[in-house]
Amino acid sequence: MSKGRHPNHGGRKPSPTYNSWRSMVQRCTNPNHTHYERYKDLLCEDWLDFNNFLQDMGERLEGTSLDRINNDKGYYKENCRWATAEQQVRNRSNSVMNQSIASEILNLYNKGLRTTEISNLLNISKNNVSNVIHKGYWR
């Protein structure tokens, strides 16, 4: 499946970081994986090697898991982060936006923040932020 092992593995069970990496690789490269069709071709080649992934992402913090910042893009350094479950729920392409969040987006926009800044601050996709600001609706 992969090159490299977690350097601190030492014969014990794999670390949470390694397990997250292994799951990502399986989703993206294993045609027998349940979600392969959705994730195939989304993994950057460098991240087939665990050591490259570890160098880019660092160790997984407790209470977090791997998240793509923009779900329309792949798994690579600039588009991934360790995120809490709450951050990930807000970042899902099918997240339910409520009136409170939409009001917060408009308030921040009216204070001069850009779409990207609001997206990063609230951990909501740029598409959803833009839809609230420019079209008055969200997915």
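Axes here are lines fitted to C-alpha atoms, for helices over the stretch in contact, and angles run from 0 to 180 degrees between N-to-C directions. Helices are DSSP runs of H or I with at least four residues, numbered from the N terminus.

Colleagues, the model is predicted: local features need pLDDT of at least 70, side-chain atom pairs count only at pLDDT 80 or more, and totals for chains, interfaces and linings use all residues. Residues are numbered from 1 along each chain as its sequence is written, and side-chain values use heavy atoms, with hydrogens and water left out.

I begin with helix α5, residues 99–110, and helix α7, residues 126–135. Their axes lie 10 Å apart, at an angle of about 75°. The pair is therefore roughly perpendicular, a term for angles of 65 to 115 degrees. On the α5 side, A102, I105, L106 and Y109 meet V129, V132, I133 and H134 of α7, where contact means heavy atoms within 4.5 Å. This contact has seven nonpolar residues, one polar and no charged; Ala, Val, Leu, Ile, Met, Phe, Trp, Tyr, Cys and Pro count as nonpolar, Asp, Glu, Lys and Arg as charged, and the others, Gly among them, as polar.

What does α5 meet in α6? E104, I105, L108 and Y109 in α5 meet I118, L121 and L122 in α6. By class, that contact comprises six nonpolar residues, no polar and one charged.

Finally, S15 lies in the segment before α1 (16–29). With 17% relative accessibility, S15 counts as buried, that is, under 20% relative accessible area with a 1.4 Å probe, protein chains only.

Notes
Helix = DSSP H or I, 4+ residues; strand = E, 2+ residues; numbered from the N terminus. Buried < 20%, exposed > 50% of the residue type's maximum accessible area, 1.4 Å probe, protein only. Parallel < 35°, antiparallel > 145°, perpendicular 65-115°, else oblique.
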